[in-house]
Amino acid sequence: FTGRTGSKVCQVAGAMNPLHTSGYYTANNNEAATECEEGSFCQNGERESCPGGKYQDFPGATRCRRIMPGYRRESSFKSVLCDAGFYCVGDQNDQEKCAAGKYQNEAGMSACKDCGTGTYRGASDADSKLCIEIPKGEYGGSDADDVWTTTHTTATPCPKGHFCMGKSHPAIKCHPGTYQEVEGQAKCKPCASDKYQDKAGQQSC
């Protein structure tokens, strides 16, 4: 026995090593048992650091705690909330940045949100906490031929022969009697009084 009130371990008489070593470890056979430190776990008198995706913030532990969804591992003895603009699925060391077309404006989340109607966020955009409103002169799809597929990942300059009102509007062909020879425009130009245009989507009269 140890001869100490409240001791967590018992020792064989005449020996310095504990008989029961859960939560404790010994560096060698000639040393007394040491309580397992934070960031590690101890079983059978041996200490090991918490592996990836786990941590331990209490001493004397026999196992490590898992990283919960919405949290990331800051160190072997601490987990913290996932940052805004990122998501944490749990059981991992690192947080993941929201992919293109998604965002996250709250901390401690396990998934990202889809960009809303009339907004986008590209893969190279640094701020993943918000999506950007599509401005006038641009549209949110990749096909200007009146077939608009929303991707929420890019804003494309309005093509020639079209006008774009931004937000959730598609690229629209210039109406007959108008034209547009410059890309990235929010409206078309009327034909001069001595010219005409009877077709839609034209770049000249």
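Glu74 and Lys78 are joined through their side chains by a salt bridge, with an N to O distance of 3.4 Å. The model is predicted, and a search of the whole structure finds 9 salt bridges. The structure holds 0 aromatic pairs.

**Salt bridges**

- In the pair formed by Glu74 and Lys78, Glu74 is partly exposed at 45% relative accessibility, and Lys78 is partly exposed with a relative accessible area of 40%.
- Glu181 and Lys189 also meet in a salt bridge through their side chains, at 2.9 Å from N to O. Glu181 counts as partly exposed at 31% relative accessibility, and Lys189 counts as partly exposed at 32%.
- A salt bridge links Arg47 to Glu37, where the closest N and O atoms are 2.8 Å apart. Because Arg47 lies in strand β4 (residues 46–49) and Glu37 in the loop between β2 (34–35) and β3 (40–43), this pair ties together parts that are 10 residues apart in sequence.

**Surroundings of Arg47**

- The charged end of Arg47 sits over the ring of Tyr25, 4.6 Å from the ring centre.
- Arg47 is partly exposed, with a relative accessible area of 44%; its salt-bridge partner Glu37 is partly exposed, at 32%.

**Surroundings of Thr178**

- Thr178 belongs to strand β19 (residues 178–179) and is buried, with a relative accessible area of 18%.
- The side chain of Thr178 reaches the backbone oxygen of His175 at a distance of 2.6 Å.
- Apart from neighbours within four places in sequence, Thr178 is in contact with Cys188, Lys189, Pro190, Cys191, Gln197 and Gln202. Among them, Lys189 is the residue that forms a salt bridge with Glu181.

Technical notes. Residues are numbered from 1 along each chain as its sequence is written. This is a predicted model: local features need pLDDT of at least 70, side-chain atom pairs count only at pLDDT 80 or more; totals for chains, interfaces and linings use all residues. Side-chain values use heavy atoms; hydrogens and water are left out. Helices (H or I, at least four residues) and strands (E, at least two) are DSSP runs, numbered from the N terminus. Buried means under 20% relative accessible area, exposed over 50%, partly exposed in between (1.4 Å probe, protein chains only). A polar contact is a pair of N or O atoms within 3.5 Å; within protein, one must be able to donate a hydrogen and the other to accept it, and residues adjacent in sequence count only if both atoms are side-chain atoms. Contact means heavy atoms within 4.5 Å. Rings of Phe, Tyr and Trp (its six-membered ring) pair if their centres lie within 6.5 Å; planes under 30 degrees apart count as stacked, over 60 as edge-to-face and the rest as tilted. A charge sits over a ring if NZ of Lys or CZ of Arg is within 6 Å of the ring centre and within 35 degrees of the ring normal. A salt bridge is a side-chain nitrogen of Lys or Arg within 4 Å of a carboxyl oxygen of Asp or Glu.
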